[in-house]
Amino acid sequence: MQGTIRIIGIDPGLRRTGWGVIDTLGNSLRFVASGTVMSDGEMDLASRLCQLHDGLADIIHELKPDEAAVEQTFVNKDAVATLKLGQARGIAMLVPARAGLQVSEYAPNAVKKAVIGVGHGEKQQIHMMLKILMPKSEFKGNDAADALAIAICHAHHRGARRLRQAVG
């Protein structure tokens, strides 16, 4: 039987990138930490991306996750906003990959289904289920809560993913 696996979930955003770290052993989940990396909206894009990079790198260095999960970007009506979100998402995938972590991606509906049981739901439902699944969890704001949900989604799917990789 495999030991405890530490997972970081990342909810990418240019202004706020949420992160949440959990430990999983078998079917049990344990809250470790969560928060938000902020970028300064007054700075140029490259500097903001550096802020996100450095903030995530510090968290990964400090909390030492074994695996990472990132939410997939949905397409906006605003092409410029979509492009900027994609760049922030690139940072969210690059930082754990450079740290040697396997990075998995999950669609927003898959995350919601893993946490609240259906693919569509309100933020408050996610908050409520996080408290049920991990009563000691603490999160400030939707970004950190979403990141914890992404980590939980990965915890639920990682066994099936590893089995598919071993067979394929």
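At the start of helix 2 in this predicted model, the backbone nitrogen of V80 is approached by a side-chain oxygen of D78, which comes to within 3.1 Å. Just beyond the helix, G100 adopts a positive phi of about 90°.

The buried residues of helix 2 comprise T82, L85, A88, R89, I91, A92, V95 and P96. The elements that cover these buried residues include strand 1 (5-11), helix 1, strand 4 (67-71) and strand 5 (102-106). In an α-helix, residues three or four places apart point the same way because there are 3.6 residues a turn.

The side chain of R89 forms a salt bridge with that of E105, with an N to O distance of 2.1 Å. This pair connects distant parts of the chain, R89 belonging to helix 2 and E105 to strand 5, 16 residues apart. E105 has a relative accessible area of 32% and is therefore partly exposed.

Side chains of opposite charge can pair when their charged atoms come close. In total, six salt bridges are found. One of the salt bridges joins the side chains of R6 and D23 at 2.7 Å, N to O. Because R6 is located in strand 1 and D23 in strand 2 (residues 16-25), this pair ties together parts that are 17 residues apart in sequence. The relative accessibility of D23 is 7%, so D23 counts as buried. A further salt bridge is formed between the side chains of E67 and R158, at 2.6 Å, N to O. E67 lies in strand 4 and R158 in helix 5 (residues 142-167); the pair therefore ties together parts that are 91 residues apart in sequence. Both E67 and R158 are buried. Salt bridges with shared partners also join R6, D23 and R30 into one network.

R48, located in helix 1 (residues 45-63), is likewise buried, but has no salt bridge. The nearest side chain of opposite charge to R48 is that of D40, at 6.6 Å, whereas a salt bridge requires a nitrogen-to-oxygen distance within 4 Å. The side chain of R48 instead makes a polar contact of 3.0 Å with that of S39. When residues up to four places away in sequence are left out, R48 touches L14, R15, S39, D40, G41 and M43. D40 is thus in contact with R48, although no salt bridge involves R48.

With regard to cysteine, zero disulfides are found in a search of the whole structure. C50 has a relative accessibility of 44% and so counts as partly exposed. C153, by contrast, has a relative accessibility of 0% and therefore counts as buried.

Notes:
Residues are numbered from 1 along each chain as its sequence is written. This is a predicted model: local features need pLDDT of at least 70, side-chain atom pairs count only at pLDDT 80 or more; totals for chains, interfaces and linings use all residues. Side-chain values use heavy atoms; hydrogens and water are left out. Helices (H or I, at least four residues) and strands (E, at least two) are DSSP runs, numbered from the N terminus. Buried means under 20% relative accessible area, exposed over 50%, partly exposed in between (1.4 Å probe, protein chains only). Lys and Arg count as positive and Asp and Glu as negative; His and the chain ends are not counted. A polar contact is a pair of N or O atoms within 3.5 Å; within protein, one must be able to donate a hydrogen and the other to accept it, and residues adjacent in sequence count only if both atoms are side-chain atoms. Contact means heavy atoms within 4.5 Å. A disulfide is a pair of cysteine sulfur atoms within 2.5 Å.
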